[in-house]
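Hi there,

Here is the structure I promised to pass on to you. Please have it open while you read, and my notes on what I found follow below.

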Amino acid sequence: ATVSVLYWNMTSDTVPPDAVPIIGFGSLLSISSARRTFPNLMGFRLCRVKGYRRVFAHVAAVFYERDIARPETGEVSSLSVERCEGKEFVAALFYIPREELGGFYEREVEFLITEATPYDLETGEALPVKALICEKSSDEHFLKVMGQDVFDATYGKYNVKQIWDRTDVLPCRAYLRHCVLAAESLGPQVHDSFLDDTYLCDRKTTIRQHLANDPTIMDELPTEAARPFYSG
């Protein structure tokens, strides 16, 4: 019932032709989180993304800012997608007004913002849009675009020396719980995809396996500063 309400009450009929499509694959699976980030979002629906996989493999400064990073255990990583032939996952697709696009790029500065083709969840056919998606980037790209001073001010103050291509990090516990709850709220297909089509930085261990190894993650409540953003 939840999925049908989200799917049919926010149809593409309400989307103006200049709106920008975005694929949400982690926290933005939560429609409340998506609306907090994009108050004027439209046309929220589910889709499939092919030729990519979700990976927890980079450090997010915002987790330190909101006091939910655990550097002592390495549980500091956030989620991105990377191209991987033969992989796919279920995601959210929605549209934002073009005038909000600048804010999107500013918030997601550590990523490469690229375009991906979403596929219809029922028919498997490609949808007639190219949607923006937060793809894996590199430290070199961040430094080239933002500069060393921004890196030091954003990451260096937390003693983070490398953002991308980490092999020593695990998902931030409160953020992972939020993503799992968000996926669960959209139904079994989305929930199972998040558990089975999302990987740790080793690209082998799935989130389902990770949670089986440490089920207490789902008891990890966000801090007060993080609660408005990571409550599922």
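Let me start with one arginine: R166 is buried, because its relative accessible area is 15%, under the 20% cut-off for that word. Please keep in mind that this is a predicted model. You will find R166 in the loop that runs between α6 (148–154) and β7 (170–171). Its side chain makes a polar contact of 2.8 Å with the side chain of D168. Setting aside neighbours within four places in sequence, R166 is also in contact with A57, V59, V160, C201 and R203.

R203 brings us to the salt bridges. Side chains of opposite charge can pair when their charged atoms come close. The count here comes to 14 salt bridges, and I picked out a few for you.

The side chain of R203 meets that of E82 in one of them, at 2.8 Å from N to O. This pair links distant parts of the chain, as R203 sits in the loop between β8 and α9 while E82 belongs to strand β3, 121 residues apart. Are the two partners buried or exposed? E82 is buried, with a relative accessible area of 8%, whereas R203 counts as partly exposed at 22%.

Next, look at R173 in helix α7, which pairs with E75 in strand β3. Their side chains form a salt bridge of 3.0 Å, N to O, and the two residues are 98 apart in the chain. E75 counts as buried, at 6% relative accessibility, and R173 is also buried, with a value of 6%.

R173 has a further partner: D214 forms a salt bridge with R173, and their closest N and O atoms are 2.9 Å apart. D214 lies in the segment after α9 and R173 in helix α7, so this pair ties together parts that are 41 residues apart in sequence. D214 counts as partly exposed, with a relative accessibility of 21%. If you highlight R70, E75, R173, D214 and E220 together, you will see a network linked by salt bridges.

Now for the nonpolar side of things. Which residues have the most contacts inside the largest nonpolar core? They are F94, F194 and I207, in a core of 72 residues. Strand β3 (residues 75–96) gives the most to this core, with 10 residues.

F194 is worth a click. Leaving out neighbours within four places in sequence, its contacts include F25, L29, F56, L79, L176, V180 and I207. F194 is one of the buried residues of helix α8 (residues 188–196), and the others are V190, H191, S193 and L195. What covers the buried residues of α8? The cover includes β2 (42–59), β3, α7 (173–185), β8 (198–199) and α9 (207–213).

Beyond its neighbours within four places in sequence, H191 is in contact with V180, A183 and E184.

Last, a look at the surface. V109, V145 and M146 form a nonpolar patch there, with about 210 Å² of accessible area together. M146 has its place in helix α5 (residues 139–146) and counts as partly exposed, at 31% relative accessibility.

Enjoy exploring, and send me any questions that come up!

Best wishes

Technical notes: Residues numbered from 1 in each chain as written. Predicted model: local features only at pLDDT ≥ 70, side-chain atom pairs only at ≥ 80, totals over all residues. Heavy atoms only, no water. Helix = DSSP H or I, 4+ residues; strand = E, 2+ residues; numbered from the N terminus. Buried < 20%, exposed > 50% of the residue type's maximum accessible area, 1.4 Å probe, protein only. Polar contact = N/O pair within 3.5 Å; in protein donor to acceptor, adjacent residues only side chain to side chain. Contact = heavy atoms within 4.5 Å. Patch = residues over 30% accessible without salt bridge, like charges linked within 9 Å, V, L, I, M, F, W, Y side chains within 5 Å. Areas by Shrake-Rupley, 256 points an atom, 1.4 Å probe, with all protein chains shown as cover. Salt bridge = Lys/Arg side-chain N within 4 Å of Asp/Glu carboxyl O. Core = buried A, V, L, I, M, F, W, Y, C linked by side-chain atoms within 4.5 Å.
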